[in-house]
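Please examine the sequence and the structure shown below.

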Amino acid sequence: MTYIQQTISDLKHTSPAQTEFYQAVEEVLNSLGPLLESNDIYQKQAIIQRIVEPERQIMFRIPWVDDNGDIQVNKGYRIEFNSALGPYKGGLRFHPSVNAGIIKFLGFEQIFKNALTGLSIGGGKGGANFNPKGRSDAEIMRFCQSFMNELYRHIGPTTDVPAGDIGVGAREIGYMFGQYKRLTGRYEGILTGKSLLWGGSLARKEATGYGTVYFAEYMLDELGDDLKGKRCLVSGAGNVAIYAMEKLYQLGATPISCSDSSGTLYHHTGIDLKLIKRLKEGRRSDLVEYLTSYPEAIHTQVADYPENGHAIWRYAADAAFPCATQNELTLDDAQALLTNGCKLVSEGANMPSTNQAVEAFLEAGISYGPSKAANAGGVATSQLEMAQNASMQKWTFIHVDQQLKQIMKNIFISASDTAKEFGQDGNLVLGANIAGFRRVADAMIEQGVV
Ligand code: NDP
């Protein structure tokens with residue numbers, strides 16, 4: 001049995017039924033062979049066994065009362081995965097699909113992503129199996145308050161600083177911050193993604209989407225190319241997708257698709273971003289309403305997706321930006337993209353491509369930016385928000401955006417140089433995994449067996 005098979009087999013016993021978590025672990029471990037072979041310190045120090053086990057896992061009950069006066073109960077999580085490089089940092093996800101395996105995969109990815117930014121942040125993730133869809137503002141507030149009634153005892157500006165993720169935006173961050181302040185009497189930077197009125201950072205909202213597109217631009221620059229004139233498939237219609245589309249337009253490219261949980265939208269002349277922002281404000285409307293303004297656009301319901309695939313990846317385009325959710329791009333989708341001439345994939349969502357799809361991209365030799373590198377701009381800018389909070393400063397949009405750009409460039413260089421160091425030029429999966437792992441593992445070794 002290889003050490004990868006042994007690790008996954010052990011995890012299946014200690015952490016049963018956590019499919020997405022095994023997938024994320026396998027993806028990272030698959031890249032580490034050349035590093036582990038060149039230096040046995042990591043095996044001697046049992047780094048693999050230590051790094052796949054979270055430092056702490058918190059699970060809790062979230063009781064709340066809905067608008068009808070009925071009591072609802074959800075399950076909450078905060079996985080404090082690794083603090084070798086700094087306070088735990090990573091978002092909170094509110095979505096009905098949330099379970100321990102999903103939060104653990106996200107937390108595991110977060111460790112290496114945060115390491116790649118070069119900043120002092122550890123890895124964590126949290127959330128709840130709460131569905132915000134169709135809930136009133138008052139229900140969202142009561143839920144967020146109940147969630148914080150437990151979470152507040154585990155977080156702090158130098159211990160654990162959560163942010164947003166799917167289903168958690170500025171509104172939810174506001175309600176949770178208010179409850180933290182009420183419970184503790186302290187006004188401090190315990191969450192990022194805050195409103196600009198009271199502690200938020202300019203450009204944080206845009207950072208993940210913009211960063212993913214900057215990363216694509218750096219991959220193309222390496223080949224003497226750029227995004228100008230490129231037709232781009234984008235999935236999702238939330239925070240990451242919207243600002244990825246905005247930056248694509250700014251750089252002269254054309255986003256021709258987006259999607260939500262109801263289905264896929266394709267508009268061959270380019271997505272009307274203003275309309276998408278209006279439809280999605282407050283998570284109110286489904287994308288199908290876009291057709292009222294643009295009857296020539298095509299909307300495909302989820303139920304009508306092709307077998308084994310997703311409609312969005314079946315359109316011809318130069319580049320793809322998956323920005324919705326995990327495993328939204330399968331091997332069949334990857335093959336369709338490649339057949340239709342796609343030359344670049346930059347991932348805004350976390351682990352949107354299955355491991356088989358990733359293999360197909362690497363084999364085809366296209367520019368492929370894995371999520372832990374390509375979408376690290378969000379967490380990096382969260383750290384810039386923490387720095388502003390701690391120093392009581394407020395930086396301009398341009399200042400934050402320039403730092404974001406520089407961080408994305410550094411991540412690209414770090415992944416690319418590490419791939420070259422191990423004789424795999426252009427393999428940014430291997431480069432990002434080894435570069436992120438090495439920084440965390442070396443810090444763990446220096447800090448002793450804790
Ligand atoms: P949002 O909640 O703002 O948007 C998510 C979008 O994806 C929505 O359009 C949603 O549809 C769609 N979606 C979610 N789940 C599914 C599903 N199962 N099937 C189809 N569509 C789905 O979240 P974000 O934009 O913040 O996050 C998107 C991705 O980016 C996630 O993978 C997240 O982990 C990742 N990410 C986010 C960061 C951030 O800063 N926000 C940072 C780094 C990564 P609908 O509108 O119908 O709900």
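## Cysteines

The count of disulfides, each defined as a pair of cysteine sulfur atoms within 2.5 Å, comes to zero. Cys-232 takes part in no disulfide, and the nearest cysteine sulfur, in Cys-342, is 8.8 Å away. Cys-232 has a relative accessibility of 0% and therefore counts as buried; buried means under 20% relative accessible area, exposed means over 50%, and partly exposed lies in between (1.4 Å probe, protein chains only).

For Cys-258, the closest cysteine sulfur belongs to Cys-323 and is 11 Å away, which is too far for a bond. Cys-258 also counts as buried, at 0% relative accessibility.

## Basis of the model

This is a predicted model, in which local features need pLDDT of at least 70 and side-chain atom pairs count only at pLDDT 80 or more, while totals for chains, interfaces and linings use all residues. Residues are numbered from 1 along each chain as its sequence is written, and side-chain values use heavy atoms, with hydrogens and water left out.

## Aromatic rings

The whole structure contains 21 aromatic pairs. Rings of Phe, Tyr and Trp (its six-membered ring) pair if their centres lie within 6.5 Å; planes under 30 degrees apart count as stacked, over 60 as edge-to-face and the rest as tilted. Phe-177 and Tyr-187 form an edge-to-face pair, with 5.1 Å between centres and 75° between planes. Phe-177 belongs to helix H7 (residues 170–184) and Tyr-187 to the loop between H7 and helix H8 (204–222), so the pair ties together parts ten residues apart in sequence. Helices (H or I, at least four residues) and strands (E, at least two) are DSSP runs, numbered from the N terminus. Phe-177 counts as buried at 3% relative accessibility, whereas Tyr-187 counts as exposed at 54%.

Elsewhere, ring pairs link Phe-60, Trp-64, Phe-94, Phe-130, Phe-143 and Phe-147 into a cluster.

## Surroundings of the ligand

Around the ligand there are 25 residues, of which Lys-133, Asp-165, Thr-208, Ser-261 and Asn-350 come nearest; a residue is near a molecule if one of its heavy atoms lies within 4 Å of it. A polar side-chain atom of Asp-165 is 2.6 Å from an oxygen atom of the ligand.

H8, helix H9 (239–250) and strand S8 (257–260) are the elements that give two or more residues to the shell around the ligand.

Notes: A polar contact is a pair of N or O atoms within 3.5 Å; within protein, one must be able to donate a hydrogen and the other to accept it, and residues adjacent in sequence count only if both atoms are side-chain atoms.
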